[in-house]
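Here is my note on the model. Please read it with the structure open beside you.

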Amino acid sequence: MTDTQRQIVELARDFARTHIEPKAAEWDRTKEFPRATILELGKLGFLGMCSPEEYDGMGIDAVTYLMALEEIAAADAGVAVTMSIQNAIPTVMLTRHGTPAQKERWLRPLARGEIIVGFALSEPDSGSDPASMRAQAVRDGNGWVLNGLKAWATNGGTADLMMIMVRTDGPDARRGAKGISTFIVPTDTPGYKAGKPEDKMGLRASNTTTIALEDLRLPAEGLLGDEGMGFVYAMEGLDAGRLGIAAQATGIARRALEHSIEYCGVRKQFGRKLGEFQGVQFKLADMATRVEASRALAHAAGALRDRGQSITQHAAMAKLFASETAMWVTTQAIQLFGGYGYMRDYPVEKLFRDAKVTEIYEGTSEIQRIVIARYLGAHP
Ligand code: CAA
């Protein structure tokens, strides 16, 4: 680490351990979205790490951002996903494709962490295959009218601003991926209706809802970039998003490993500490190796991004490996904790539940394998 990286990581770790981890079990139980804590994170700059400095962001490199995100995820993965969304998909979309006026209006407060932003791509019948979405926008004079139903929208009920993908070529998906556009939607716009927060297995401090778009009217400047390019913008954003999910999964796995090491140092069975059994040592060694490998893949993809290269394949590899690692490591952690591990009173049970979604959202593990395989040249 450079001195700057060490300072940023220490600040993130200190905030995470003081202000996030002690409350994480309570947020998990109550499904509370910790807005005040997230806005505090914003005041420290962590919600605008990847935004350009000219728009009040930190303009920091991707690797340092991933290090900070891992610290927040180790304390609570639900808070981490809000930090990840804020720094990735909408930021990439606005930075690359926003007009100067759109950046001034939205990117600046987003980078300062004054507003919370979300992203809505999926629909009840369109998850892994977003090109088949049906929600649509039709022209209305200079502006647009949006109708349809989005699903599993992160921050759907808590965001101030949503980036929403809908069709602009009619509801019958005539043009597939090429018929989709991105709209910048303030959530106080009449016709924006978030459903009740979903009752999720994990990541319960993050808010996930459906969004009904009911004759939601936007001015012309609600459209981001070019009409028909929304699918590509979403994929570009997801490349950055998947990098963040790799760091989030690494943070979950690392914390499960840390708890396991601590537990194996005190728990005695058959007159010996668990850590004295070689079978347990082997398990801990495998867990540690996979955590390290997850971090290394994520940072390697981050370094590619910092050099301005495409990260599509490497972000998919990093997310795939880290999310499967998080699931495997948290499963081993529960096994080491035994009966205690199965109880809500011990932290590894929550880490296990939080880990699962990293294999599902921002593209399932199967989708990551499709993306990776496309770069291998093994099929037409
Ligand atoms: N960057 C830039 N452009 C890209 C791209 C990328 N990473 N990936 C695809 N494109 C472009 C293609 O080049 C193509 O453009 P051209 O026709 O001009 O060449 C266009 O987009 C269509 O691409 P495909 O033909 O490859 O599209 P496809 O329908 O076959 O889908 C897919 C490809 C990889 C399977 C894609 O559908 C996918 O990633 N699916 C998973 C969706 C997903 O991750 N959903 C998560 C939702 S968000 C969430 O989880 C909640 C949250 O907020 C946390």
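The numbered points below cover the ligand site, the salt bridges and a few residues of the backbone.

1. **Ground rules.** This is a predicted model, in which local features need pLDDT of at least 70, side-chain atom pairs count only at pLDDT 80 or more, and totals for chains, interfaces and linings use all residues. Residues are numbered from 1 along each chain as its sequence is written, and side-chain values use heavy atoms, with hydrogens and water left out.

2. The ligand takes up the space of the largest pocket. A pocket here is an open set of points on a 1 Å grid over the protein atoms alone, where a 1.4 Å probe fits, with protein on both sides within 12 Å along at least five of seven lines. A molecule sits in one if more than half of its atoms lie within 2 Å of its grid points.

3. **The shell.** Around the ligand there are 26 residues, and Ser128, Lys178, Arg242, Glu362 and Arg374 come nearest. E3, H7 and helix H11 (365-374) each supply at least two shell residues. H7 gives the largest share, 7 residues. Helices (H or I, at least four residues) and strands (E, at least two) are DSSP runs, numbered from the N terminus.

4. Arginine 374 puts a side-chain N or O atom 2.6 Å from a ligand oxygen. Glycine 363 uses a polar backbone atom, 2.9 Å from an oxygen of the ligand. Aspartate 239 has a polar side-chain atom 3.1 Å from a ligand nitrogen. The ligand on its own has 1,100 Å² of accessible area, and the protein covers 71% of that. Accessible areas come from the Shrake-Rupley method with a 1.4 Å probe.

5. **Salt bridges: the count.** The model has 29 salt bridges. The rule is a side-chain nitrogen of Lys or Arg within 4 Å of a carboxyl oxygen of Asp or Glu. Three of these pairs follow.

6. **Lysine 150 and glutamate 123.** The closest N and O atoms of this salt bridge are 2.9 Å apart. The pair links distant parts of the chain, 27 residues apart. Lysine 150 is in strand E3 (residues 143-154), and glutamate 123 is in the loop between strand E1 (117-120) and strand E2 (136-140). Are the two partners buried or exposed? Lysine 150 is buried, at 0% relative accessibility. Glutamate 123 is buried too, at 6%. The cut-offs are under 20% relative accessible area for buried, over 50% for exposed, and partly exposed in between (1.4 Å probe, protein chains only).

7. **Arginine 204 and aspartate 199.** Here the closest N and O atoms of the salt bridge are 2.8 Å apart. Arginine 204 is buried, with a relative accessible area of 15%. Aspartate 199 is exposed, at 59%.

8. **Glutamate 258 and arginine 255.** Their salt bridge has its closest N and O atoms 2.5 Å apart. Both lie in helix H7 (residues 230-264), 3 residues apart, so about one helical turn separates them. Glutamate 258 is partly exposed at 24%, whereas arginine 255 is buried at 13%.

9. **Positive phi.** Most residues other than glycine have a negative phi. Which residues need a look on this count? Lysine 31 has a positive phi, near 65°. Lysine 31 is in the loop between helix H1 (3-30) and helix H2 (35-43), and is partly exposed at 31%. Tryptophan 152 also has a positive phi, about 50°. Tryptophan 152 is in strand E3.

10. **Two pairs across the sequence.** Isoleucine 184 lies in strand E5 (residues 180-186) and is buried, at 3% relative accessible area. Its C-alpha atom is 4.9 Å from that of methionine 163, 21 residues away along the chain. Arginine 307 sits in the loop between helix H8 (278-306) and helix H9 (312-337). Arginine 307 is exposed, at 56%.

Key
Near = heavy atom within 4 Å. Polar contact = N/O pair within 3.5 Å; in protein donor to acceptor, adjacent residues only side chain to side chain. 1 Å grid on protein atoms, 1.4 Å probe; cavity = no way out; pocket = protein on both sides within 12 Å on 5 of 7 lines; lining within 4 Å.
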